[in-house]
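Visitor: I would like to learn how to read a structure feature by feature. Where do we begin?

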Amino acid sequence: MNPGGPLVGNNLFSIHEEIHDKNYLLATYYIELPADCDVSDKAASMATGQTIGTWVPVPGITQEMRDTHMGCVVSIQELPPQELSTLKAVEFIPYLIQIGYPVINFEDCLPMVLTTLLGNDASTSAQVKLLDVQFPKSYLEKFAGPRFGIKGLRELTGISDRPLVLNMIKPCTGFSPQVGADIFRQTALGGVDFIKDDELLGNPSFCPAIERVKAYNQAARQVFEQTGQKTRYIVNATERADRLLDHVKRLVDAGAEMLMLNFATVGYSMFRAIAQTVDIPVMGHYAGSGMFYEGAISGMSSPIALGKLPRLCGADIVMINTPYGGYPLQRLKYLQTAQALSLPWCGIQPVMPSVGGGVHPGLVQRFITDLGKDIILAPGGSVQGHPGGATAGAKAMMQAIDAVVNEISLQEAAKQHSELRQALSLWGILEV
């Protein structure tokens with residue numbers, strides 16, 4: 001039974017234009033319901049159940065509470081759109097439902113935002129997928145967003161005319177800081193801009209993060225003295241919540257120039273706290289976020305989980321997946337996530353998308369065509385797995401980028417560079 005009373009003439013429902021300029025967060029959901037289920041009742045149940053209500057009437061709810069704190073149904077769209085009840089009968093009907101939630105209920109507390117959006121307790125009895133969230137401009141002003149973003153990273157590196165290049169050290173884990181520093185040195189000699197830890201290497205006793213900072217920074221200085229090329233280390237600062245703030249401070253004191261956090265596992269709010277605390281670039285990694293978006297009828301969409309939320313929280317770089325590696329991501333979602341990170345958004349700085357997962361020199365043109373030059377290309381195994389070693393693997397990637405930016409075919413560039421020729425041959429791009 002609808003907990004708000006009649007379906008017309010109460011404040012459980014609102015026309016979009018009427019609520020647009022008010023202080024509501026607008027959430028769009030996908031839901032599948034049995035054909036005999038009243039979708040208006042279900043939407044009304046969500047609007048009240050995620051704000052002031054429960055599954056039965058309870059005392060104490062005043063009209064002032066309804067006016068100020070109750071959610072409202074803004075839109076219900078049947079898929080495909082049908083106007084007549086005489087059309088073909090089906091067992092289940094999919095809908096898009098848009099609900100407005102008063103910002104006063106959660107303010108800028110992201111844990112409570114997500115609880116409101118996706119708490120879905122027994123009072124709502126709704127299995128939904130959150131497809132989009134529209135934030136009022138006044139709400140977005142509560143978030144600082146990226147400190148550096150695309151512009152700051154361009155200024156930091158002094159590179160403006162090509163994609164930046166990041167390598168993640170392979171193997172992922174199981175080695176000492178000294179072994180990692182040697183891999184770092186060999187990779188940096190190939191000319192990459194950044195080298196980061198794999199997301200699987202946090203702060204284990206056999207390879208402490210603070211010792212990696214010291215050893216890798218020394219390796220970076222040695223390469224700079226030898227080549228004049230500055231390669232920056234991005235340390236994986238992911239840690240337990242009770243240790244994280246102190247851990248980050250110690251890393252920065254030890255000389256860390258950039259940090260990475262697995263935002264899905266440390267939590268968006270904790271990521272935001274770190275980004276607001278440090279004055280160095282912070283990278284967000286998507287590791288573990290599949291639990292948020294892989295469900296067809298639950299969770300949230302990847303452009304929210306990997307795009308809007310980490311951007312709000314202050315990520316300067318966000319590692320995202322692509323449909324070109326082994327992961328079955330839809331191309332549309334990959335493009336929408338990159339757009340959520342980088343398109344203009346009410347004054348919040350754009351984030352530099354970093355694409356990883358099966359990246360190799362043969363894919364450079366595809367990524368630039370898809371996303372433009374304001375991206376970070378993140379090859380891992382194609383660098384350390386190059387037949388000529390990590391230095392050659394890094395050089396091959398840089399050679400491919402140089403060729404594409406200068407509109408030279410990879411086949412033509414491969415005639416001039418043995419490293420690129422070997423890489424293209426190994427990954428089936430070039431026959432030799």
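Guide: Begin with exposure. A residue is buried under 20% relative accessible area, exposed over 50%, and partly exposed in between. Lys214 has a relative accessible area of 44%, so Lys214 is partly exposed. Keep in mind that this is a predicted model.

Visitor: Which residue forms a salt bridge with Lys214?

Guide: Look for a side-chain nitrogen of Lys or Arg within 4 Å of a carboxyl oxygen of Asp or Glu. Here the partner is Glu211, with the closest N and O atoms 3.9 Å apart. Glu211 is partly exposed, at 34% relative accessibility. Both residues sit in helix H8 (residues 209-227), and because they are three residues apart there, about one helical turn separates them.

Visitor: How many salt bridges does the structure hold?

Guide: The structure holds 17. One of them joins the side chains of Lys249 and Asp253, at 2.9 Å from N to O. These two are four residues apart in helix H9 (residues 241-253), so about one helical turn lies between them. Both Lys249 and Asp253 are exposed. Another salt bridge brings together the side chains of Asp242 and Arg240, at 2.6 Å from N to O. Asp242 is exposed, with a relative accessible area of 59%. Arg240 counts as partly exposed, at 43% relative accessibility.

Visitor: Now a threonine. Is Thr157 buried or exposed?

Guide: Apply the cut-off again: under 20% is buried. Thr157 has a relative accessible area of 18%, so Thr157 is buried. Its place is in helix H6 (residues 149-157).

Visitor: What does the side chain of Thr157 reach at 3.0 Å?

Guide: For polar contacts, check N and O atoms within 3.5 Å. The side chain of Thr157 reaches the backbone oxygen of Leu153 at 3.0 Å. A polar atom of that side chain also lies 3.3 Å from the backbone nitrogen of Ile159. Then set aside neighbours within four places in sequence: Thr157 is in contact with Leu164, Phe194 and Arg232.

Visitor: How should I read aromatic rings?

Guide: A pair of aromatic rings is described by the distance of the centres and the angle of the planes. The structure holds 12 aromatic pairs. One of them is Phe263 with Phe271, 6.2 Å centre to centre, with 85° between the planes. Planes over 60 degrees apart count as edge-to-face, and this pair is edge-to-face. Both Phe263 and Phe271 are buried.

Visitor: Which residues do ring pairs link into a cluster?

Guide: Phe106, Phe135, Tyr139, Phe143 and Trp345.

Visitor: On to the strands. How many strands make up the closed barrel?

Guide: Eight, with parallel pairing, in the order S5-S6-S7-S8-S9-S10-S11-S12. From one strand to the next, the twist averages 25°.

Visitor: Which helix packs on the sheet and touches S8 and S9?

Guide: Helix H11 (residues 268-277) does, touching strand S8 (258-262) and strand S9 (282-285). The direction of H11 makes about 165° with that of S9.

Visitor: How many bridges join strand S11 to strand S12?

Guide: Pairing takes at least two bridges between strands. Strand S11 (residues 352-356) and strand S12 (residues 376-378) are joined by three, and they run parallel. To locate the pairing, find Gly356: it stands opposite Ala378 in S12.

Key: Residues numbered from 1 in each chain as written. Predicted model: local features only at pLDDT ≥ 70, side-chain atom pairs only at ≥ 80, totals over all residues. Heavy atoms only, no water. Axes fitted to C-alpha atoms, helices over the stretch in contact; angles between N-to-C directions. Contact = heavy atoms within 4.5 Å. Buried < 20%, exposed > 50% of the residue type's maximum accessible area, 1.4 Å probe, protein only. Polar contact = N/O pair within 3.5 Å; in protein donor to acceptor, adjacent residues only side chain to side chain. Phe/Tyr/Trp six-rings, centres within 6.5 Å; stacked < 30°, edge-to-face > 60°.
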